[in-house]
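Look at the sequence and the model before reading on.

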Amino acid sequence: MLKLKQITLLLLSVCVAPSALALSIPTASPVSHHMQTVNYASNNVFQVTAYRGRVTEITFSAAEKVEQVVTGFSEGWEIITHGNHVFIKARSTEGTTTTTSTDSNGQVQTQKNSVTVQPTPNRWHTNLLVNTNLHSYAFNLKLGWGNSGLRHNTYQLVFQYPEQEAALLLAQRKAQQEKDQQASQLKSIANTRLSSMNANYTMQVGDNSHVIAPVQAYDNGRFTYFSFAPNSPIPAIFVETGTGQEELVNQAINPTHPSTVIVHRVAKQWVLRLGQEVVGINNTGYGLLTVNQQSGTSLPNTVRVMK
């Protein structure tokens, strides 16, 4: 009488295989049924059909890394992970047979023998769970059989992510629109007449620091501009707070005049640094330039947009 402990465990795992969730059947390539794709959706179970003697590869997005793989019948499946790939192959397992006989004295003798059990569809049918750094996946893992199983055998299953790709494309378009809008605003400000600006600035140049000293500094009540000599290095720009501390500010290059840096604020005191070089700048006209309270700017025909 054949007694296989491993197979008993397998049958139990089949009984608890996921069935309540939706089963997603991959789409076969028009060139080869073995090359398949499927759209990712959370809470779905994905079908994978392996075949004895062949390896199946599952490929997730390039941004993912496989962290954990668990199957309901680990004795019958060889699983290898690498980056965003999982490789699966059915393998034989070991079982035991029990034989009984009666000796010359009428005593019953029992003997156990090891046997190799080859993969078969019913016994090797189980589930497969994969966790990556981004998603969790559930698979219905079955072993194909005969010509039909060979035809539907999954050589490679590639996941696609249409919802994520659409969201990424939308974010890229929005970022580009904001970038274009900012460039347009900077260009408009850059073309404004200098007579609309406050150019009452003085500076103190540190030892050996003339190379980073701006040739011109001015503001329009909302933005501050520092113009440097052509080909001179652009230093980091800090605003000096009321407590005497220095705070690094964001800066952008004027698209019309590459030697001019635009800072999106106005301050009374600035500090420019590059390595050991330092330049202090005072805005002696701070607070004297009238800013229109409705448009948020001192420039004619411009409106500050709040986000």
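The model is predicted, not determined by experiment. Its secondary structure consists of 4 helices and 23 strands. The protein has 307 residues, and 36% of these are buried. The accessible surface amounts to about 18,400 Å², with 51% of that area belonging to carbon and sulfur atoms. Contacts can also be sorted by how far apart the two residues are in sequence. Taking the contacts between residues at least 6 apart, 61% join residues that are at least 24 apart.

Strand S18, residues 236–240, runs antiparallel to S19 and is joined to it by 3 bridges. Within S19, Glu247 is the bridge partner of Val239. Glu247 comes up again below, this time for its side chain.

How many salt bridges does a search of the whole structure find? The search finds 2. In one of them, the side chains of Glu246 and Arg273 meet, with a distance of 2.9 Å from N to O. Glu246 belongs to strand S19 (residues 246–248) and Arg273 to strand S22 (residues 269–274), so this pair ties together parts of the chain that are 27 residues apart in sequence. Are these two residues buried, partly exposed or exposed? Glu246 has a relative accessible area of 36% and counts as partly exposed. Arg273 is partly exposed as well, with a value of 33%.

The other salt bridge joins the side chains of Glu247 and Arg265, at 3.6 Å from N to O. Glu247 lies in S19, while Arg265 sits in the loop between strand S21 (260–263) and S22, so the parts tied together are 18 residues apart in sequence. Glu247 is partly exposed, having a relative accessible area of 40%. Arg265 is also partly exposed, at 33%. A residue counts as buried when its relative accessible area is under 20% and as exposed when it is over 50%.

The last stop is the backbone. Most residues other than glycine have a negative phi. Phi of Asn43 is positive, near 65 degrees. Asn43 is found in the loop between strand S4 (35–39) and strand S5 (44–50), and with a relative accessible area of 62% this residue is exposed.

Asn208 also has a positive phi, near 55 degrees. Where does Asn208 lie? Its place is the loop between S15 and strand S16 (216–219). Asn208 is exposed, with a relative accessible area of 70%.

Terms used. Residues numbered from 1 in each chain as written. Predicted model: local features only at pLDDT ≥ 70, side-chain atom pairs only at ≥ 80, totals over all residues. Heavy atoms only, no water. Salt bridge = Lys/Arg side-chain N within 4 Å of Asp/Glu carboxyl O. Helix = DSSP H or I, 4+ residues; strand = E, 2+ residues; numbered from the N terminus. Buried < 20%, exposed > 50% of the residue type's maximum accessible area, 1.4 Å probe, protein only. Pairing = 2+ DSSP bridges. Contact = heavy atoms within 4.5 Å. Areas by Shrake-Rupley, 256 points an atom, 1.4 Å probe, with all protein chains shown as cover.
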